[in-house]
Amino acid sequence: MALEIERKFLVKDDSWKFLAKGVSYKQGYLFASKEKSVRIRIAGDKGFVTIKGSRLGIVRDEFEYEIPCADAIELLNNYCTNGLVEKNRYKILYKEKIWEVDEFLGKNKGLIIAEIELNDASEIFEKPIWVGEDVSHEPKYYNSNLVSHPFCEW
């Protein structure tokens, strides 16, 4: 079983932006509930399907598989009916940890979130100066919720 242990933070300023090149992401959900979700994603020129279980704090089951990009496009266009999340993702190495900064586009434009995946829920790590408030436990910041309740409507 694969586990995702992830913390999410708001980003305070744009001093991170020169540290990495962004990759275009487009994603939608075949199914999303509080207990589980099935996501389709295109990251750059690669397609993925991801199945996630319910959260226990910042921990949840996660299974991700690469699929043909053409299949991901068809699934996004024909089966993800609640809308899509579009963003640019920047991967930044800081203190031997990878931070993924998501700069959202479209209806979520203006929202910028930094995520860090951990090996253990109690793992200690150092935050870069551009990382702000911890929003790991706030569902409105979950990508699956940004589809139906975008940032522009808050």
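Here are a few friendly notes on the structure above, point by point.

1. Before you start, please keep in mind that this is a predicted model, in which local features need pLDDT of at least 70, side-chain atom pairs count only at pLDDT 80 or more, and totals for chains, interfaces and linings use all residues. Residues are numbered from 1 along each chain as its sequence is written, and side-chain values use heavy atoms, with hydrogens and water left out.

2. Let us begin with the strands. Helices (H or I, at least four residues) and strands (E, at least two) are DSSP runs, numbered from the N terminus, and two strands pair if DSSP finds at least two bridges between them. Strand β6 (residues 85-94) pairs with strand β7 (residues 97-104) in the antiparallel sense, over 8 bridges. The two form a hairpin with 2 residues between them, and lysine 95 in this turn has a positive phi of about 50°. Strand β6 also pairs with strand β2 (residues 23-32), again antiparallel, over 5 bridges. Here lysine 26 stands opposite glutamate 86 of β6.

3. Next, the inside. A nonpolar core is a set of buried Ala, Val, Leu, Ile, Met, Phe, Trp, Tyr and Cys residues joined through side-chain atoms within 4.5 Å; buried means under 20% relative accessible area, exposed over 50%, and partly exposed in between (1.4 Å probe, protein chains only). The largest nonpolar core has 16 residues, and Trp16, Trp99, Val101, Ala114 and Trp130 have the most contacts inside it. Strands β1, β6, β7 and β8 each give two or more residues to this core, with β1 giving the most, 3 residues. Apart from it lies another core of 9 residues, including Tyr29 and Phe104.

4. Do have a look at tryptophan 130. Leaving aside neighbours within four places in sequence, its contacts (heavy atoms within 4.5 Å) include Leu10, Trp16, Ile92 and Trp99. In general, nonpolar side chains tend to be buried together in soluble globular proteins.

5. Is histidine 137 buried or exposed? Histidine 137 is exposed, because its relative accessible area is 55%. This residue is found in the loop between β9 (131-134) and α2. Not counting residues up to four places away in sequence, histidine 137 touches Gly57, Ile58 and Tyr142. Histidine 137 and lysine 36 are 101 residues apart in sequence, and 16 Å apart in space, C-alpha to C-alpha.
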